[in-house]
Amino acid sequence: MDVDVGIVAQRGNERAQQLTEALLDVLESDSVAVAVDEETGDAIDVVSVPVTEMADSDLVVSIGGDGTLLFVAREVGSTPILGVNLGEVGFLNAVSPADAVDVVTDLVDRLRRGDPLERRTLERLRARGDGWTLEPALNEIVVHGPRRGHGGGATIEIRVDGTRYADGHADGVLVATPTGSTAYNLSEGGPLVHPTADALVVTQMAAEDSMPPLVVDPGAELELAVTGAETAYAISDGRNRHQLESPATVSVSLAADPVTLVGPRTNFFDGLEKLE
Ligand SMILES: NC(=O)c1ccc[n+]([C@@H]2O[C@H](COP(=O)([O-])OP(=O)(O)OC[C@H]3O[C@@H](n4cnc5c(N)ncnc54)[C@H](O)[C@@H]3O)[C@@H](O)[C@H]2O)c1
Ligand SMILES: Nc1ncnc2c1ncn2[C@@H]1O[C@H](COP(=O)(O)OP(=O)(O)OP(=O)(O)O)[C@@H](O)[C@H]1O
């Protein structure tokens, strides 16, 4: 079958741009249709497309750090993504730049032959309120007061399937997926979730009278009810935010469209060493 590949390289990163050129050379000489993101296309002077249009590709290669992969996932939804690590942490990106050409050509050969790719499905979270919805989060949904730190939090009641778990003043509360358990959740004292476990984590951020982080079933209906703050925010993966007028209730549940990763897996326990 014909194979379409999208490549997104971290903005302004010359190594990512050079790797894009190397992939373009190999793939185009093998008659593979390749689309490059607009920022990278301008930098290396090739034709480009908006990243959203790569949602129709068979494979999207994300070259950069975790932030770049989160960005690609936001734009292409459930389209298969391969993460190549050029970031400082790169927890979500399993492939080293040196292996990228081999791994991509192997995946393209399999797609051509119609062989199924091994896919890993990463659940996402959807936050919604009265008349608004955030983009799905691969890491976490955060609800926090006007700012972090002294004088900045809010009173946030946490409800699980309609029943109150915790209530009180905190900088904020976050709901993390297993993927996001190693990110903001970990800095706020939440537990690591092994990638094969089906669970969500609810963690208070600097609460005055704290309750332990709570692990819930992924099917749980979570509500974060905000009072006692002039303004507050609901934020998806640190980038997509909605301003709340207190009192406000944010509902968090699994999104319908998970992210699909392909290619080699990262070793979760080895990856933890990068976080220190
Ligand atoms: N105090 C904190 O730990 C803190 C604060 C703000 C945001 N964040 C995280 O940053 C994410 C947004 O990423 P960004 O790159 O756009 O912003 P960013 O550049 O500020 O990234 C923050 C750091 O989080 C790391 N990271 C992101 N996702 C990860 C994951 N699943 N596991 C391990 N490390 C991960 C990144 O590599 C980077 O080092 C948010 O979803 C949130 O989890 C963390
Ligand atoms: N090709 C691109 N086109 C448009 N925006 C991009 C592109 N690459 C990166 N970005 C923007 O930059 C953000 C992520 O890059 P960021 O500088 O945070 O680096 P990173 O991938 O997390 O790597 P590092 O680990 O080195 O910080 C994305 O959320 C997105 O907004």
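## Terms and overall build

In what follows, Ala, Val, Leu, Ile, Met, Phe, Trp, Tyr, Cys and Pro count as nonpolar, Asp, Glu, Lys and Arg as charged, and the others, Gly among them, as polar. The structure discussed here is a predicted model, and its secondary structure comes to six helices and 20 strands. The radius of gyration of the protein is 20 Å, close to the 19 Å that the globule rule gives for 276 residues, so the protein is as compact as a globular protein of that length.

Taken along the principal axes, the C-alpha atoms fill a box of roughly 60 × 35 × 35 Å. Of the 276 residues, 44% count as buried, and among the contacts between residues at least 6 apart in sequence, 61% join residues at least 24 apart.

The protein is divided into domain 1, which covers 4–122 + 258–274, and domain 2, which covers 125–254. The C-alpha centres of domain 1 and domain 2 lie 30 Å apart, and the contact takes seven residues from domain 1 and eight residues from domain 2.

On the side of domain 1 that touches domain 2, helix H3 gives the most, with three residues. By class, that side of domain 1 has six nonpolar residues, no polar residues and one charged residue.

## The surroundings of ligand 2

Ligand 2 is surrounded by 18 residues, of which the closest are Gly65, Gly67, Thr68, Phe71 and Gly87. The elements that give two or more residues to this shell are strand E1 (4–9), helix H2 (38–44) and helix H3 (66–76), and H3 gives the most, with five residues.

The residues of the shell around ligand 2 divide into five nonpolar, seven polar and six charged.

Asp66 lies in helix H3.

Is Asp66 buried or exposed in the model? Asp66 has 23 C-beta neighbours inside 10 Å and therefore counts as buried, the cut-off for a buried residue being 20 or more.

Note on methods
Residues numbered from 1 in each chain as written. Chains lettered and ligands numbered in written order. Predicted model: local features only at pLDDT ≥ 70, side-chain atom pairs only at ≥ 80, totals over all residues. Near = placed C-beta within 6 Å. Helix = DSSP H or I, 4+ residues; strand = E, 2+ residues; numbered from the N terminus. Domains from an automatic or database assignment. Contact = placed C-beta atoms within 7 Å. Rg over C-alpha atoms; globule rule 2.2 N^0.38 Å. Buried ≥ 20, exposed ≤ 12 C-beta atoms within 10 Å, placed from the backbone.
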